[in-house]
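Trainee: Could we go through this one together, starting with how the chains meet and then turning to the aromatic side chains?

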Number of protein chains: 2
Amino acid sequence: MQAPANTPLSYEQSGVVYDLIDPLKVAAQRAAAATAPHLAGHGFTEVKASRGESAYVVDVGPFYLASIVECLGSKALVADEMQKLTGRSYYSAIAQDTIAMAVNDLITVGATPLVVQAYWAAGGSDWFGDAERAQALVAGWKAACDTCRVAWGGGETPALAGIVESGRIDLAASCTGIVNPKQRLSLGDELAAGDAIVLLASSGIHANGLSLARKLVERLPEGYLTEVEPGLAYGDALLAPTTLYSPVTEALAAAGVRVHYAANVTGHGWRKLLRHPGTFTYRITAVPKVPPVLAFIQRHAGQDDAEAYGTLNMGAGFALYVAAADAERTVEIARAQGIEAIVAGRVEAGPKRLVVEPLGIEWGDDALQLR
Amino acid sequence: MQAPANTPLSYEQSGVVYDLIDPLKVAAQRAAAATAPHLAGHGFTEVKASRGESAYVVDVGPFYLASIVECLGSKALVADEMQKLTGRSYYSAIAQDTIAMAVNDLITVGATPLVVQAYWAAGGSDWFGDAERAQALVAGWKAACDTCRVAWGGGETPALAGIVESGRIDLAASCTGIVNPKQRLSLGDELAAGDAIVLLASSGIHANGLSLARKLVERLPEGYLTEVEPGLAYGDALLAPTTLYSPVTEALAAAGVRVHYAANVTGHGWRKLLRHPGTFTYRITAVPKVPPVLAFIQRHAGQDDAEAYGTLNMGAGFALYVAAADAERTVEIARAQGIEAIVAGRVEAGPKRLVVEPLGIEWGDDALQLR
């Protein structure tokens, strides 16, 4: 059944109900926080500010240890549909997406990713029987590790019939890294009024907002094959692999540029720019180019700018908060790694809010509740 | 449809087809191994002997870093069936099982587990709407972290409708630890003829062999409620949580007992005792008490000892290879942690094989192909 094309499509309609997940999350966060004292028994301590951030950090003496596990989400479903329509396998890109979910979060704390582990839970052994697809997954995983210069340590490839749906695969990655030297820790202690906000370009939808993007297909005349722009099918555009940002953060460290804070722009879209726990006003004065697929989604989902930017990355995949004096160098260093970047705005003293001047959008302190 | 009760039930019949998974595994292992040189770019090196072992180890200078991601497998399906039958939630035990899968593997290399991350991928947001079950999962996860003295760093709780089956949850854990001091590394360099094999008791089926155990239910007159022994239903017996062995390995380190090698007895059952890559004969002269649920499975699945011991843990959840002079102390230290243990046999010079004398079973070099 097609919904009327002019009815706005919200994230809740696409099937993710945060109200049911959130009480569990709160309970889990409390229980998790209560386990921190165990580290003292081993001679170490938690870096408390990392609770609620994108990766967990432990002080192990000579450096900090950072770790994370991250899920791809529902993007593999798009790959499966597109494989049916085109006969091609998209799992090389999907592999990169999965690693990006972990690596791009891990680096926000200033960590160098060292080891990635693969979690590939298939709906049955037969998933692995499609050799082309399986080999694409392996090749893409390896290539993403090469880009991020991480060692692929190993992983799990369970066949979980009865838990994972037949013909599907649940993909996740864990990543372990270190913050070394310890001065690279970027949990936000150094963030200050006057800092610049540099936004790194996204390659498209990345791996966030896919529930919405899939729901939208029902409204499109040719489904996933509807053209986003001439010659580019919606499905292909959605499957552009997520940009890997660790080459940028490593290059910045090598060049001596201090990152005061970093935010991976995933769920909650640009509201993630409010992630830092402090009280600052973030003023955006320039917005990056919007990838065609995201403009297309915004248009067809009937979203206004506030909803689109509050849900999707809209061209900004990663945010770096650096001293104003380092802003232009940060942009140059990102570009040297092949990633477009702009100095998008600045941090100001003032109430906690995000002001996107070119679009006339403003979000307050209540727009992002992650902790 | 009930199969005739006297037809032996094999692992392949229970739906796991390794022939389909294995080519992918081999390709993945090769690609993963090729990423190791990236560590040199960060000033570190892989501990190559950890490839093919239960956890991946990197030399980061002052200590070794170990990491892993592990899946629970299909045990949650038993919990779901039992909840339907009894109204009780078994997810506290299931949480411990999941952590045990990661922690018990991580410690085989000599690592102290420091941080656990939770991966809880539900078939939809509504999974988390069963508050009692969700709280049991949180409480059990926390309790297992407390037992292992690890910090629960965080995790992911995605709702993956379309990938994970409705009403189900895909559970995994990642674990990061360190080998400190570095002399604790137990990848087997020190294993030698004359060493003793100490087996630590399991609590039951742990989280391995569940596909077989579930298949067997079709043959049982009262299904999961069939009594294994008076007052103990099959389903309840299956859901005894997996023993956590890190308190033992940590106590051994504190007492100065060197572990030469360790094996987590999971998939492939006792054949895991052949895991060490070297050429030794492992002679078992005493076998532990078989938990009632495993004796029950063996009997009802019509397995001979070779098949039962080659698939299930049969009462031995973890193997420690220590100097003969340390064997009795190892047993005492395990018992002081509340875990029954026996000196079960010894390592001998000779062709690679495992001889279980009390049962007249022998496995050769070809019985376990993990690398």
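**Interface and aromatic pairs**

Mentor: This is a predicted model, and in it the area buried between chain A and chain B is about 6,300 Å², with carbon and sulfur atoms giving 69% of that area.

Trainee: And how many salt bridges are there between chain A and chain B?

Mentor: The count is zero salt bridges between chain A and chain B, whereas 19 residue pairs are in polar contact across the interface, both residues being at pLDDT 80 or more.

Trainee: Which element gives the largest share of the side of chain A that touches chain B?

Mentor: That is strand 4 of chain A, with nine residues, and the residues on this side of chain A divide into 47 nonpolar, 22 polar and 13 charged.

Trainee: Switching to rings, how many aromatic pairs are there over all chains?

Mentor: The count comes to 26 aromatic pairs over all chains, and one of them is the stacked pair of Tyr224(A) and Tyr234(A), at 6.1 Å centre to centre with 15° between the planes.

Trainee: Are those two, Tyr224(A) and Tyr234(A), buried or exposed?

Mentor: Both Tyr224(A) and Tyr234(A) are buried.

Trainee: What about Trp270(A) and Tyr309(A), and why is that pair edge-to-face?

Mentor: Their ring centres are 4.9 Å apart and their planes stand at 80°, so the pair of Trp270(A) and Tyr309(A) is edge-to-face. Trp270(A) lies in the loop between strand 10 and strand 11 of chain A, and Tyr309(A) in helix 9 of chain A, so the pair ties together parts 39 residues apart in sequence. Trp270(A) and Tyr309(A) are both buried.

Key
Residues numbered from 1 in each chain as written. Chains lettered and ligands numbered in written order. Predicted model: local features only at pLDDT ≥ 70, side-chain atom pairs only at ≥ 80, totals over all residues. Heavy atoms only, no water. Buried area = accessible area lost by both parts, 1.4 Å probe. Salt bridge = Lys/Arg side-chain N within 4 Å of Asp/Glu carboxyl O. Polar contact = N/O pair within 3.5 Å; in protein donor to acceptor, adjacent residues only side chain to side chain. Helix = DSSP H or I, 4+ residues; strand = E, 2+ residues; numbered from the N terminus. Nonpolar A, V, L, I, M, F, W, Y, C, P; charged D, E, K, R; others polar. Phe/Tyr/Trp six-rings, centres within 6.5 Å; stacked < 30°, edge-to-face > 60°. Buried < 20%, exposed > 50% of the residue type's maximum accessible area, 1.4 Å probe, protein only.
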